[in-house]
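Reader: I am new to reading protein models. Can we walk through one together, feature by feature?

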Amino acid sequence: MAITVAINLALINPSTLFHPKSPNPSKLRAFTLRCSSATSTAVTDLAEIPWKTSDARLVLEDGSIWRAKSFGASGTQVGEVVFNTSLTGYQEILTDPSYAGQFVLMTNPHIGNTGVNFDDQESRQCFLAGLVVRSLSINTSNWRCAETLGDYLAERNIMGIYDVDTRAITRRLRQDGSLIGVLSTERTKTDEELLEMSRSWDIVGVDLISGVSCKAPHDWVDKTNPEWEFNSSKRGGEAFRVIAYDFGIKHNILKRLASYGCKITVVPSTWPASETLKMKPDGVLFSNGPGDPSAIPYAVETVKEIIGRVPAFGICMGHQLLGLALGGKTFKMKFGHHGGNHPVRNLRSGHVEISAQNHNYAVDSSSLPEGVEVTHVNLNDGSCAGLAYPAQNIMSIQYHPEASPGPHDSDYAFKEFIQLMKKVKVNS
């Protein structure tokens, strides 16, 4: 049954229509307007609204509560909130093991429009705690798209939220530093309970490496797809045997080494140095990885036993472990470096590189012993971004030279590692 709502518009005094100076007032007429519409008798029978309402919360340890909409998995998760300034490459970010234990907030507001494919994964799974975005694309438009971002996260039990003020949260993180937060879609949990969870959890001093490293040695056999190969240098027909310590290694680091002609064996983070030396490698790579380098003293000891005996190359976490093994110190940065647009100066060449970075810790260059050279400096804050110790055939950089999806300014670091191994081999 429907009811009619009528609206009567009638002029009470038709004479008010007459303009005092109207030349022909007889042509003006009063009128009545009647409107009607059919409506449901029961308001509760209205159709469900076609858009999603807020069903998730991000509670930060500073007491702020951010209402949002969820995508991906449901539940409650705790992690350290960091912001990433990359404009693209969210799939590589999702599968970067260095983000273990962290919520990644994307400063680029529009995320998800290219969907997800299975060629750009940097590891076997997603290791981050959750994803925070401003605007989640409802459509995908990319010829390689195989799945939507929401479905991809749901299948991997990773939480995500959107329609949240990422700009305001980023400003807070820049001012106060990285904060512990809790993501939750559970209505049964109060804001106070979530706040207590955020304040009782800490990422400092936690060994996150053991959860992302491989469990047994294996040879890297995957080749770089020719469509994505940009190394134009000649390999010279000589292959170098490299042992890569997996502290959370990205696939594209291995692909770049393979592209330069290396035969690679990947070993777990706990692999003994004595076993590595028995394999007689031409060089050792200490990879990137998540968390606090001082929380894995066993890795520092392994690095100490290897350096000076075999050429060594450290990337990100590997760079920090080399700094500790050489007698230096590391410290936790205020909010770290996360993004694909960080300027770094190569102090040897004077060139400025645009680099991809992902780390919350840095080497204190003032604590390094004599003979250790700082080769690169981050131009945003002056922090140490690269080391070299020629006496022990060591080189390292704090950022990611493989930089998938880009930039490629620092790819030469792999070539320098090849040259270092070649020099030692020729002189031995």
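Reader: Is Arg67 buried, partly exposed or exposed?

Author: A word first: this is a predicted model. Now the general idea. Buried means under 20% relative accessible area, exposed means over 50%, and partly exposed lies in between. Arg67 has 48% relative accessibility, so Arg67 counts as partly exposed.

Reader: Which residue does Arg67 form a salt bridge with?

Author: Start with the idea. A salt bridge is a side-chain nitrogen of Lys or Arg within 4 Å of a carboxyl oxygen of Asp or Glu. Here the partner of Arg67 is Asp191, and their closest N and O atoms are 3.2 Å apart. The pair links distant parts of the chain. Arg67 sits in strand β4 (residues 65-72), Asp191 in helix α4 (residues 191-199), and 124 residues separate them.

Reader: Does Asp191 count as buried or exposed?

Author: Apply the cut-off again. Asp191 has 18% relative accessibility, so Asp191 counts as buried.

Reader: How many salt bridges does the structure hold?

Author: The structure holds 15 salt bridges. Take Arg144 and Asp120 as another case: their side chains meet at 2.7 Å, N to O. This pair also links distant parts of the chain, 24 residues apart. Arg144 is in the loop between β9 (135-136) and α2 (149-155). Asp120 is in the loop between β7 (110-111) and β8 (130-132). Asp120 counts as buried, because its relative accessibility is 18%.

Reader: Which residues do salt bridges that share partners join into one network?

Author: Arg57, Arg67 and Asp191.

Reader: And what is the N to O distance between Asp55 and Lys52?

Author: Their side chains meet in a salt bridge at 3.1 Å. Asp55 has a relative accessible area of 23%, so Asp55 is partly exposed. Lys52 is at 34%, so Lys52 counts as partly exposed as well.

Reader: Let us turn to surface charge. Which residues gather in a patch of positive charge?

Author: The idea is simple: Lys and Arg count as positive. In this model, Arg167, Arg171, Arg174 and Lys334 gather in such a patch on the surface.

Reader: Which helix gives the patch its largest share?

Author: Helix α3 (residues 166-176), with three residues. Arg174 has its place in that helix. Its relative accessible area is 49%, so Arg174 is partly exposed.

Reader: Now strands. Which way do the side chains of strand β10 point?

Author: Look along the strand, residue by residue. In β10 (residues 159-162), Met159 and Ile161 point one way, and Gly160 and Tyr162 point the other way. All of them are buried.

Reader: In which sense do β4 and β10 pair?

Author: For pairing, look for bridges: two strands pair if DSSP finds at least two between them. β4 and β10 pair in the antiparallel sense, over four bridges. Phe71 has Gly160 in β10 as its bridge partner.

Reader: And in which sense do β8 and β10 pair?

Author: They pair in the parallel sense, over three bridges. Leu131 stands opposite Gly160 in β10.

Reader: One last case. How many residues apart in sequence are Ala244 and Leu254?

Author: Compare sequence with space. These two are ten residues apart in sequence, and 8.4 Å apart in space, C-alpha to C-alpha. Ala244 has its place in strand β13 (residues 240-246). Its relative accessible area is 0%, so Ala244 is buried.

Notes: Residues are numbered from 1 along each chain as its sequence is written. This is a predicted model: local features need pLDDT of at least 70, side-chain atom pairs count only at pLDDT 80 or more; totals for chains, interfaces and linings use all residues. Side-chain values use heavy atoms; hydrogens and water are left out. Patches are made of residues with over 30% relative accessible area and no salt bridge: like charges are joined within 9 Å, nonpolar side chains (Val, Leu, Ile, Met, Phe, Trp, Tyr) within 5 Å. Accessible areas come from the Shrake-Rupley method with a 1.4 Å probe; for residues, only the protein chains shown count as cover. The place of a charge is taken as NZ of Lys, CZ of Arg, CG of Asp or CD of Glu. Helices (H or I, at least four residues) and strands (E, at least two) are DSSP runs, numbered from the N terminus. Buried means under 20% relative accessible area, exposed over 50%, partly exposed in between (1.4 Å probe, protein chains only).
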